[in-house]
Amino acid sequence: VSEDKISNFYEEWLTPLHIRGHCKVVTDVAMKIADAYIQKGEIINTNLIYSACMLHDLHRICDIRDINRSGFDEEVTDEMWDKWMKFREEFKGQHHAEITAKVLSNLGYTDTAEAIRLHMSKDIILEPESYDALEKKIVYYADKRVKHTEIVDLNERFRDGHERYGKFNPATAQEFFEKVKKATFELEEELFCGLDVTPSSSFFV
């Protein structure tokens, strides 16, 4: 997906600025990891990683749990608000990753769509076999290292996620949450094994 097309997608779907900012930091994290692999001689599709990370939350507005018009870091015009409400009604009950994946797949961006679909935390447990390419693993992992626009470690990201969303889940979901957390830490170990860098936040500065 070209840079111009990414910008066009943002404008078409009125992606909020703070979400675009999050996507940019996730992209920076992912590209750092990709560059480390390239330095070790790995052949990697950086265009796929870049486009998937930049677009992974394209439709995040559709499933934000508690949406407050006054809570955005930008002026929300009547047109923006009305379109957001329309999108939320049209895609009600769908995860933003699935929405974006369907949109991009229908436009022919199937590889980017699949990488985006797999950034959903649940899939690392439900279909681990789908993470069959380094690019998919990097996209998933990079998103788990960014809280809003801040690069954090996995412990902080999962603590924040549990604090924000855990209370809405049934008690039975706690066990699944712990499985996702464990699998993500295992992925981190896998990604950085053999690289000359560590997953410390300082690496990504």
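Mentor: Let's start with helix α8 (residues 134–143): ten of its ten residues are buried, so the helix is largely enclosed by the rest of the structure. Buried means under 20% relative accessible area, while exposed means over 50% and partly exposed is in between (1.4 Å probe, protein chains only). Helices here are DSSP runs of H or I with at least four residues, strands are runs of E with at least two, and both are numbered from the N terminus. Before we go on, this is a predicted model, where local features need pLDDT of at least 70, side-chain atom pairs count only at pLDDT 80 or more, and totals for chains, interfaces and linings use all residues. Residues are numbered from 1 along each chain as its sequence is written, and side-chain values use heavy atoms, with hydrogens and water left out.

So who sits in α8? Its buried residues include Leu134, Ile138, Val139 and Ala142, but also Glu135, Lys136, Lys137 and Asp143. Now look at isoleucine 49, which touches Glu135, Ile138 and Val139, and also Ala30, Met31, Ala34 and Ile44, leaving aside residues up to four places away in sequence. A touch, or contact, means heavy atoms within 4.5 Å.

Ile49 and Ile138 turn up again in the largest nonpolar core, which has 59 residues: along with Ile33, Leu55, Trp84, Leu191 and Phe192, they touch the most other members. Helix α2 (residues 17–39) gives the most to this core, with ten residues. A nonpolar core is a set of buried Ala, Val, Leu, Ile, Met, Phe, Trp, Tyr and Cys residues joined through side-chain atoms within 4.5 Å. In soluble globular proteins, nonpolar side chains tend to be buried together.

Leu55 leads us to another spot. It is touched by threonine 100, which also touches Leu58, His59 and Ile116, again not counting residues up to four places away in sequence. Threonine 100 lies in helix α5 (residues 96–106), and at 0% relative accessibility it counts as buried.

Now zoom out. The protein chain has ten helices and two strands, and along the sequence they follow the pattern α-α-α-α-α-α-α-α-β-β-α-α. Of its 205 residues, 46% count as buried. Among contacts with a separation of 6 or more, 66% come from residues 24 or more positions apart. As for overall extent, the C-alpha trace spans about 50 × 45 × 30 Å along its principal axes.
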